[in-house]
Amino acid sequence: MSPSAPMRLAVLVSGSGTNLAALLSAVAQDPDFGGEVVVVASDRPDAGGLQRADDAGIATVVEPLADHPDRAAWETTLRRRIEEHRPDAVVLAGFMRILSGAFLSGWPDRVINTHPSILPAFRGAHAVRDALEHGVRLTGSTVHLVDEEVDHGPIIAQRAVEVREDDDETSLHERIKHVEHELLPACVKLLCQGRLEVAGRHVRVRPT
Ligand code: GRF
């Protein structure tokens, strides 16, 4: 990658893809973003994010886990198909599968995830439900670099969201997503601009 070339991004989705949409719109609106989405991949053929990618003229990859004898075979194929698009970094935007070190080693400190809680609280696939059940008054959004442990890698940014008395999982998740839609593109932009310095668990954001 030459210093002036935009960073090539692969985005992985399993769901509706509203975070993907926020990222695409940030890239489209910000001439200084420093990145472009070159492929959107999913483990689910029905993921809404795939349609959004299609609509934006972006290449898509669908690789269901069930089409493979085991997780390792699935992941190897997924990685190979993503690599065909030569991404410099990978964004997990609501991707609900765990990726192993073998996959992550392709993009060291360049796989980014958005998680709907203030980590390290409420890791896992039901973060919003778990926060509500626990009775916390504050939860929120975390964007972090991905390591081999689930929802664990070095934290880039976090923002709190208040839990309201009348919240259910849907209403709380909607407000968290609203925050994610700003935080994820902002963090991906920092990555694209080469402004993230990682030292152990700590991520320092270099000033411009
Ligand atoms: C987001 O809240 C993300 O943090 C979680 O799943 C949700 C995906 O939403 N892991 P969307 O598909 O981007 O709308």
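Q: How many aromatic pairs does a search of the whole structure find?
A: The search turns up two aromatic pairs. Rings of Phe, Tyr and Trp (its six-membered ring) pair if their centres lie within 6.5 Å; planes under 30 degrees apart count as stacked, over 60 as edge-to-face and the rest as tilted.

Q: Which pair is stacked?
A: That's Trp 74 with Phe 95, at 6.4 Å centre to centre and 15° between the planes. The pair links distant parts of the chain, 21 residues apart: Trp 74 is in helix α3 (residues 71-83), and Phe 95 is in the loop between β4 (89-92) and α4 (101-104). Helices (H or I, at least four residues) and strands (E, at least two) are DSSP runs, numbered from the N terminus.

Q: Are Trp 74 and Phe 95 buried or exposed?
A: Both Trp 74 and Phe 95 are buried. Buried means under 20% relative accessible area, exposed over 50%, partly exposed in between (1.4 Å probe, protein chains only).

Q: And what about the tilted pair?
A: Phe 103 and Trp 107 make that one, with 5.2 Å centre to centre and 45° between the planes. Phe 103 is buried because its relative accessible area is 1%, and Trp 107 is buried too, at 4%.

Q: Before I go on, what kind of model is this?
A: It's a predicted model, where local features need pLDDT of at least 70, side-chain atom pairs count only at pLDDT 80 or more, and totals for chains, interfaces and linings use all residues. Residues are numbered from 1 along each chain as its sequence is written, and side-chain values use heavy atoms, with hydrogens and water left out.

Q: OK, switching to Val 90: where is it found?
A: Val 90 sits in strand β4. It counts as buried because its relative accessibility is 0%.

Q: What does Val 90 touch?
A: Leaving out residues up to four places away in sequence, Val 90 touches Ala 10, Leu 12, Trp 107, Arg 110, Val 111 and Ile 112. Contact means heavy atoms within 4.5 Å. So Trp 107, from the tilted pair, is among the residues that Val 90 touches.

Q: Now the whole chain: how many helices and strands?
A: The chain has six helices and nine strands.

Q: How much of the chain is buried?
A: Buried residues are 47% of the 208 residues.

Q: And what are the spans along the principal axes?
A: The C-alpha trace spans about 50 × 45 × 35 Å.
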